[in-house]
Each structure stands twice: as C-alpha cells, then as structure tokens.
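Good morning. Please have a look at it before I start.

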Amino acid sequence: MATYSDLFKDHVDDQYVGKVHFTAASVNSTSIEIKNTTFEDEACYICSFKVYPFQPKRQTMCLTVKGSTRLM
C-alpha cells in the first residue's frame, strides 16, 4: 500500500493514491492517514517496520467502515 525509506522516500501504490497520505515520514516515526474509504476497504492491514540491523516489527490494525444509506 505505502512504503518509506531514506533512500526512496515515501511511495504510495497507484491504486491507493488519493486514499493514503503520509502525515509523517521518517525512519523513526511514520504515520499515514486513510481517506475516502468504502466498504470494500474494510480489512485488517499489517504495518511492518524493517530497520537495519534490528528485527522487523509488525502490528495489525483492522479498519471498520461505518455509515448509513438513505433510500430516496
């Protein structure tokens, strides 16, 4: 979905451009914001941090989209 490295800086995969935005991007602290979600975006996502020479760290976050529909 999105990656950051000192060498290549931030990158968002084409299919997520306009939905994913880096609010902070560095090797020490990276944050993303997800916008314009739909029910199809509901899923669990894995954040993976790989900083040499340390072991990778992973965290899973689940996105739930809530909304209402109106019939006209």
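Where does Glu 42 lie? Glu 42 is in the loop between β4 and β5. Strands here are DSSP runs of E of at least two residues, and helices are runs of H or I of at least four, numbered from the N terminus.

Some ground rules. This is a predicted model, in which local features need pLDDT of at least 70 and side-chain atom pairs count only at pLDDT 80 or more, while totals for chains, interfaces and linings use all residues. Residues are numbered from 1 along each chain as its sequence is written, and side-chain values use heavy atoms, with hydrogens and water left out.

Back to Glu 42. Glu 42 is partly exposed, because its relative accessible area is 39%. For that scale, buried means under 20% relative accessible area, exposed means over 50%, and partly exposed is in between, with a 1.4 Å probe and protein chains only. Leaving out residues up to four places away in sequence, Glu 42 touches Leu 63, Thr 64 and Val 65; contact means heavy atoms within 4.5 Å. A polar atom of the Glu 42 side chain lies 2.9 Å from the backbone nitrogen of Val 65. A polar contact is a pair of N or O atoms within 3.5 Å; within protein, one must be able to donate a hydrogen and the other to accept it, and residues adjacent in sequence count only if both atoms are side-chain atoms.

Asp 41 is in the loop between β4 and β5. Is Asp 41 buried or exposed? Asp 41 counts as buried, because its relative accessibility is 12%. Its side chain has a polar atom 2.7 Å from the backbone nitrogen of Thr 38. Asp 41 also touches Lys 19, Asn 36 and Leu 63, again not counting residues up to four places away in sequence.

Asn 36 lies in the loop between β4 and β5 as well, and is exposed at 57% relative accessible area. Most residues other than glycine have a negative phi. Asn 36 is not a glycine, yet has a positive phi of about 55°.

Now the cysteines. A disulfide is a covalent bond between the sulfur atoms of two cysteines; the cut-off used is sulfur atoms within 2.5 Å. The structure holds one disulfide. Cys 44 is joined to Cys 62, S to S 2.0 Å. The pair links distant parts of the chain, Cys 44 in strand β5 and Cys 62 in strand β6, 18 residues apart. The torsion about this S-S bond is about 95°, so the disulfide is right-handed.

Cys 47 is partly exposed, at 33% relative accessible area.

The largest pocket holds about 800 Å³ of space. Of the 23 residues that line the largest pocket, the closest to its centre are Ala 2, Ile 32, Cys 47, Ser 48 and Phe 49. On a 1 Å grid over the protein atoms alone, a pocket is an open set of points where a 1.4 Å probe fits, with protein on both sides within 12 Å along at least five of seven lines; lining residues have an atom within 4 Å of a point. β5 gives the most to this lining, with five residues.

How values were computed: Points joined across faces, edges and corners; volume = space filled by probe spheres on them.
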